[in-house]
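Reader: Hi! Could you walk me through this one? I'd like to chat about the charged pairs and the ligand.

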Amino acid sequence: MSSPILLAVEDLTVSFDGFKAVDGLSLYLERNEVRVVIGPNGAGKTTLLDLICGKTRATDGSIKFKDQELTKMAEHQIVHKGVGRKFQTPSIYENLTVAQNLELSYPAGRTVFGSLFFRRTAAIQKRVQEIAEEIYLDEDLDKSAGLLSHGQKQWLEIGMLLIQDPELLMLDEPVAGMSVVERERTAALLRKISNNRSVLVIEHDMDFVKDIAHKVTVLHQGKLLAEGKMEDVQKNERVIEVYLGH
Ligand code: ADP
Ligand code: MG
């Protein structure tokens, strides 16, 4: 049996000229868990994702993904280990179609038939179709990505990560600017993809958080303020004081 812990963050600290944006933080994420990180602006949420994906180097502490230390790895190595990260603004190719965006994200040399062009092409087409259905874009495969709605662009970027089959998917405020319907569909999408991977989400929309979170981690000034089930965290006086009460 493999360990239920997929990601172990321990005593993680990053100091920017003496200012600790993340300060002695520990958190443990299980396989197939959806964890939501909440907290006021400047709490260190985005910095936490930057540290996990290798964009920012930790000053101290450790980040273990499947027992492998990530803090010394380059960003592309971390992606290769199975960690996908979506930034706040979608980075899709607006001039290409939905299908082309997905194809470009398909990992190179992944299939055993890599050298046989037609077999590889067939495998890619099948995977593109599967992903497109998952992200509600199977009827828009030939559409220019630039013509998609804001929400659809967010889904496309999620699809571009899913096609790489990460074991951990990290998303920074994925439903910001989405319509109510799009939020509900995004929640359903995240619940579905967590059947076989873990998801770490930063989000401010509390209805959305309630809809998807197995557990919630509350950050404040780079430190862990509270952690647990949403219904418990919501009653926590300090959480109400620094975040939910506003
Ligand atoms: P959140 O996502 O919770 O709103 P951030 O992680 O973006 O917060 O930022 C946490 C704090 O760290 C903020 O005060 C921000 O200004 C600071 N910060 C983030 N990145 C840097 C950086 N590269 N250099 C200096 N300060 C930074
Ligand atoms: Mg942020």
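Author: Happy to! Let's start with K223, which is partly exposed at a relative accessible area of 42%; partly exposed lies between buried, under 20%, and exposed, over 50%, with a 1.4 Å probe and protein chains only. A word on the source: this is a predicted model, where local features need pLDDT of at least 70, side-chain atom pairs count only at pLDDT 80 or more, and totals for chains, interfaces and linings use all residues. Residues are numbered from 1 along each chain as its sequence is written, chains are lettered from A and ligands numbered from 1 in the order in which they are written, and side-chain values use heavy atoms, leaving out hydrogens and water.

Reader: Good to know. Which side chain meets K223 in a salt bridge?

Author: That's D23, with N to O at 3.1 Å. A salt bridge here is a side-chain nitrogen of Lys or Arg within 4 Å of a carboxyl oxygen of Asp or Glu. The pair links distant parts of the chain, as K223 is in strand β10 (residues 223-228) and D23 is in strand β2, 200 residues apart. Strands are DSSP runs of E, at least two residues, and helices are runs of H or I, at least four, numbered from the N terminus.

Reader: And how many salt bridges does the structure hold?

Author: There are 16. In another one, E167 pairs with R31, their closest N and O atoms 3.6 Å apart. That pair also links distant parts of the chain: E167 sits in the loop between α5 (150-162) and β7 (168-172), R31 in the loop between β2 and β3 (34-38), 136 residues apart.

Reader: Is E167 buried or partly exposed?

Author: Partly exposed, at 26% relative accessibility. R31 is partly exposed too, at 29%.

Reader: Switching topic: what surrounds ligand 1?

Author: The shell, meaning residues with a heavy atom within 4 Å, includes F16, F19, P40 and K45. By type, its residues divide into 5 nonpolar, 5 polar and 1 charged.

Reader: Which helix gives the most to that shell?

Author: α1, with 3 residues.

Technical notes
Nonpolar A, V, L, I, M, F, W, Y, C, P; charged D, E, K, R; others polar.
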